[in-house]
Amino acid sequence: MKIHLDTEKCQGHGRCYSLAPDLFDCDDLGTAVVVIAGELNDEQLAKAKLAAGNCPEFAITIGD
Ligand code: SF4
């Protein structure tokens, strides 16, 4: 499983990089950036799900 981020939807609320700073950072405009490439381990998957569930714009999805 991998993180997919729709930067068109992201409004820079910052919840993802506050909740999961190992997985997300932000650019100069506050838009989220995924900082991990490839398959998620179990711990990372749990954090990714937490971030996805707290994104008010539904910009984060997890899938293949
Ligand atoms: S929580 Fe969602 S809207 Fe907010 S910065 Fe992260 S991806 Fe963007």
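**Entry 1: the cavity.** I began with H1, which gives three residues to the lining of the largest cavity, the most of any element. Helices (H or I, at least four residues) and strands (E, at least two) are DSSP runs, numbered from the N terminus. I noted that this is a predicted model, where local features need pLDDT of at least 70 and side-chain atom pairs count only at pLDDT 80 or more, while totals for chains, interfaces and linings use all residues. Residues are numbered from 1 along each chain as its sequence is written, and side-chain values use heavy atoms, with hydrogens and water left out.

I wrote down the cavity rule too: on a 1 Å grid over the protein atoms alone, a cavity is a set of points where a 1.4 Å probe fits but cannot get out, and lining residues have an atom within 4 Å of a point. Grid points are joined across faces, edges and corners, and a volume is the space filled by probe spheres set on the points. Rolling a probe the size of a water molecule over the atoms shows where empty space is left.

How many cavities of 30 Å³ or more are there? I found one by this rule. The largest cavity holds about 120 Å³ of space. I listed 18 residues in its lining, and those nearest its centre are Cys-10, His-13, Gly-14, Cys-16 and Cys-55. H1 and H2 are the elements that give two or more residues to this lining. Sorted by type, the lining has 10 nonpolar, six polar and two charged residues. For that sorting, Ala, Val, Leu, Ile, Met, Phe, Trp, Tyr, Cys and Pro count as nonpolar, Asp, Glu, Lys and Arg as charged, and the others, Gly among them, as polar.

**Entry 2: the ligand.** Where does the ligand sit? I found the ligand in the largest cavity; "sits" asks that more than half of its atoms lie within 2 Å of the cavity's grid points. I counted 13 residues around the ligand, and the closest are Cys-10, His-13, Gly-14, Cys-16 and Cys-55. A residue is near a molecule if one of its heavy atoms lies within 4 Å of it. Helix H1 (residues 15-19) gives the most to this shell, with three residues. The shell divides into seven nonpolar, four polar and two charged residues.

**Entry 3: Thr-31.** I located Thr-31 in the loop between strand S2 (24-26) and strand S3 (32-34). Is Thr-31 buried or exposed? Thr-31 counts as buried because its relative accessibility is 17%; buried means under 20% relative accessible area, exposed over 50%, partly exposed in between (1.4 Å probe, protein chains only). Apart from neighbours within four places in sequence, Thr-31 is in contact (heavy atoms within 4.5 Å) with Thr-7, Cys-10, Asp-25 and Cys-26.

**Entry 4: Val-34 and Leu-5.** Val-34 has its place in strand S3, and Leu-5 has its place in strand S1. Val-34 is partly exposed, at 25% relative accessibility. Leu-5 is also partly exposed, with a relative accessible area of 22%. Leaving out residues up to four places away in sequence, Val-34 touches Ile-3, Leu-5, Leu-23 and Phe-24. On the same terms, the contacts of Leu-5 are Ala-32, Val-33, Val-34, Ala-59 and Ile-60. The C-alpha atoms of Leu-5 and Ala-32 are 7.9 Å apart, though the two are 27 residues apart along the chain.

**Entry 5: Lys-9 and Phe-58.** I placed Lys-9 in the loop between strand S1 (2-5) and H1, and Phe-58 in the loop between helix H2 (42-54) and strand S4 (60-63). Lys-9 is partly exposed at 40% relative accessibility, whereas Phe-58 is exposed, at 64% relative accessible area. Beyond four places in sequence, Lys-9 touches Glu-57, Phe-58 and Ala-59. I also marked the backbone of Phe-58, which has a positive phi of about 55° although it is not a glycine.

Methods:
1 Å grid on protein atoms, 1.4 Å probe; cavity = no way out; pocket = protein on both sides within 12 Å on 5 of 7 lines; lining within 4 Å.
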